[in-house]
Amino acid sequence: MSRFRSIVGGAWVLALPFALGGCPAAIVGGLAAAGGAGYAANQERGVGGSVDDFSIKTNIESAWIKANPRLQADLNVTVYEGRTLLTGTALTPEFKAQAKEIASRVAGVRAVYDEVEVGPPEGAWQGTQDAWITSRLRTELMFNASIRSVNYTIETVNKSVYLIGSARSQVELDGATTMARNTPEVKRVVSFVEIRPGVPVAAQPAVPPPSRAQVPGAPAAAPATAVEVEKL
């Protein structure tokens, strides 16, 4: 279902220029630029952080496949600076526990946020709705000048929106969560976004990387709980 949602999400992004009533060429051009190398470079975590997170994600998915192919088919993993968000639906509590236990053993994982729901797999129609919500919100964040959208990753499952990434201020984060709450069909918003003001990693001088505890604005440890914002 995670692959299905990605495919539908891509199709919805291509349709957004017309749905939003803007200039198709300008909007598609902006989306294409955001998906290139500059997208990762402009994130707070930088290109190196993006690569590390992609490696962690790949290793978790590979471990899931070896243990039980259903894990990778039904669940989603999102990684931001080693903080790992698990979403999707598990058939049983044991299935859910197995996914978390495997993810927590992968090298580089700082924290595991287990938001997997127990229940039947997501249907095709629900997957389409979730993909629409994710793509709609991602695009609105991109076109909001007060929000650095590249620092936010979005997952939607059963109309629940999960945000993970970094914000430069509480005001920016409040703006992002408000936009998520106001997106049609969203039933709740759960945020795992850290507040980390400062210069993006990619724009910092090339010096030997200090330990995480020495990086200005970087948390010494990942937050253990989310901030949940119920939809009004």
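Helix 7 and helix 8 cross in a right-handed sense. In this predicted model, helix 7 spans residues 124-142 and helix 8 spans residues 170-181, and the two pack at an angle of about 140° with their axes 10 Å apart. On the side of helix 7, the contact is formed by Leu137, Glu140 and Leu141, while helix 8 contributes Ala176, Met179 and Ala180. Sorted by class, this contact of helix 7 with helix 8 comprises 5 nonpolar residues, 1 charged residue and no polar ones.

Which residues of helix 8 are buried? They are Glu172, Leu173, Ala176, Thr177, Met179, Ala180 and Arg181.

The account now turns to the nonpolar cores. The largest has 17 residues, and those with the most contacts inside it are Ile60, Trp64, Leu71, Leu75 and Leu86. At least two residues of this core come from each of helix 4 (46-67), strand 1 (75-80), strand 2 (83-90) and helix 6 (93-105). Helix 6 provides the largest share, with 4 residues. Apart from this core lies another, of 16 residues, which includes Leu141, Ile147, Leu173 and Met179. Two of these names return the reader to the helix pair described at the outset: Leu141 of helix 7 and Met179 of helix 8 both take part in the contact there.

Notes
Residues numbered from 1 in each chain as written. Predicted model: local features only at pLDDT ≥ 70, side-chain atom pairs only at ≥ 80, totals over all residues. Heavy atoms only, no water. Core = buried A, V, L, I, M, F, W, Y, C linked by side-chain atoms within 4.5 Å. Buried < 20%, exposed > 50% of the residue type's maximum accessible area, 1.4 Å probe, protein only. Axes fitted to C-alpha atoms, helices over the stretch in contact; angles between N-to-C directions. Left-handed = near helix turned anticlockwise from the far one by under 90°. Contact = heavy atoms within 4.5 Å. Nonpolar A, V, L, I, M, F, W, Y, C, P; charged D, E, K, R; others polar.
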